[in-house]
Amino acid sequence: DGSASSAKTFLLDPRKSQNIAIVLKSLAVSQGEILDALTDGKGLNADTLEKLARVSPTEEEQSLILQYKGDPARLPAAESFLYSILKAVPSAFKRLNAMLFRLNYDSEIQEIKESLQTIELGCNELKSKGLFLKLLEAVLKAGNRMNAGTARGNAQAFNLASLRKLSDVKSTNGRTTLLHFVVEEVVRLEGKRVALNRNGSLSSSSSRSSSNSNGNYENNIASNELVEREYVTLGLPIVGGISSELSNVKKAAQIDHNNLVGSISALSTQLVEIQQLVSSCGNGEGGNFVKEMDHFLGNAEEELKLVREKQTSVFQLIKKTAQYYQGGSSKETAENNLQLFVIVKDFLGMVDQTCIEIARD
């Protein structure tokens, strides 16, 4: 049997054992330091904790290792490491995960807070009486003119989703799209507003021509065209800049509702698991780990409670905003209400494109 005595006793799948050994070799800390950290509840950086989380054995593998009655010296590197760690601290890997969770908690909760704030700011942008509402009103008026004499002639509210179709609808003159017509109209009105504010009256070229007493009709038409062009030139940068008025709307369009809700509940679940772990480490065997984690849990639960309250109020706000734009008929879920931002973002893209075309013409 002497020849077999040098053979190692694999408790894990040899390939897995080898992979764990490779990860362990890459650690910048000793086994002793890992054991200290498990007792203290702190002292390992994120990189080390992530690597250790990767080599975490399954429940079955843990039982196999803990039931091993042979000579520990005959265990290969991975098994030997797991054996000494688990014998000393049976909850070692749960603790390591708790420590990793604590390290990442701040940045995760921060990300959630930022998403909720973006949605809130996006709703405020949509409701502030800016250019966006002027464009919507112009769309509504144009739509009503087109529908004049039909049953829908006085449509007060319209479905925002129909904004995406505006570039498919021909305007009354049949030459341009409804979108082009509406954008051009708003551009002209904005330009006119700028010109009036700037000159206190209409552009100088028009006042010159009207003082021309010979009443040259062609001249008037030509100068009116000049004035119109000036309005368009002045109005384009304003309407073309609408995206910057709605920067949070565009950011909110990137937020995935399920991810957001999912990450909030994942944090809750993990906090509950850590709470259970801490409770099971009671009466002295927990060492400093329990103190460290209790302190963290108290703060984290408090913060998560605030985040949940914020989530509720922000989702209420989306619902109200969506109803405002759907004419109060929003039966939508919060997830569908977030679509509002996506629709507006697409619409803004279309408006930008149309401004480029108008400038080119």
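By buried I mean under 20% relative accessible area, with exposed over 50% and partly exposed in between, using a 1.4 Å probe and protein chains only. Y105 is buried on that definition, because its relative accessible area is 1%.

Some housekeeping. This is a predicted model, so local features need pLDDT of at least 70 and side-chain atom pairs count only at pLDDT 80 or more, while totals for chains, interfaces and linings use all residues. Residues are numbered from 1 along each chain as its sequence is written, and side-chain values use heavy atoms, with hydrogens and water left out.

First, the overall picture. The protein chain has 15 helices and 0 strands; these are DSSP runs, H or I of at least four residues for helices and E of at least two for strands, numbered from the N terminus. Of its 361 residues, 40% count as buried. Contact, here and below, means heavy atoms within 4.5 Å. Among contacts between residues at least 6 apart in sequence, 80% join residues at least 24 apart.

Now the core. A nonpolar core is a set of buried Ala, Val, Leu, Ile, Met, Phe, Trp, Tyr and Cys residues joined through side-chain atoms within 4.5 Å. The largest one has 94 residues, and those with the most contacts inside it are Y105, I119, L126, F132, V183 and F341. Which helix gives the most to this core? Helix α6, residues 92-127, does, with 14 residues.

I will take three of those core residues in turn. Y105 is found in helix α6. Leaving out residues up to four places away in sequence, Y105 touches L267, L271, F296, A300, E303 and L304. Y105 and L267 are 162 residues apart in sequence, yet their C-alpha atoms are 8.2 Å apart in space.

V183 is in helix α8, residues 178-199. V183 counts as buried because its relative accessibility is 1%. Again not counting residues up to four places away, V183 touches L135, V239, V351, T354, C355 and I358. From V183 to L236 the separation is 53 residues in sequence and 9.4 Å in space, C-alpha to C-alpha.

F132, with neighbours within four places in sequence left aside, is in contact with L126, I242, L246, Y325, V344 and F347. L126 is also on the list of core residues with the most contacts.

Next, the helix pairs. Axes are lines fitted to C-alpha atoms, for helices over the stretch in contact, and angles run from 0 to 180 degrees between N-to-C directions. Under 35 degrees counts as roughly parallel, over 145 as roughly antiparallel, 65 to 115 as roughly perpendicular, and the rest as oblique. A crossing is left-handed if the near helix is turned anticlockwise from the far one by less than a right angle, and right-handed if clockwise. For residue classes, Ala, Val, Leu, Ile, Met, Phe, Trp, Tyr, Cys and Pro count as nonpolar, Asp, Glu, Lys and Arg as charged, and the others, Gly among them, as polar.

α6 and α14 pack at an angle of about 20°, with their axes 9 Å apart. The two are therefore roughly parallel. Their crossing is left-handed. The contact of α6 with α14 has 20 nonpolar, 3 polar and 8 charged residues.

α14, residues 288-325, also meets α13, residues 257-280: the axes come within 10 Å and cross at roughly 155°. α13 and α14 are therefore roughly antiparallel. α13 passes α14 in a left-handed crossing. The residues of this contact divide into 17 nonpolar, 5 polar and 3 charged.

Q311 sits in α14. Is Q311 buried or exposed? Q311 counts as buried, because its relative accessibility is 11%.

The last pair is α2, residues 31-40, and α5, residues 77-88, which pack at about 25° with axes 11 Å apart. That angle makes α2 roughly parallel to α5. α2 passes α5 in a right-handed crossing. Q31, I34, L35 and L38 in α2 meet F81, S84, I85 and A88 in α5. By class, this contact has 6 nonpolar, 2 polar and no charged residues.
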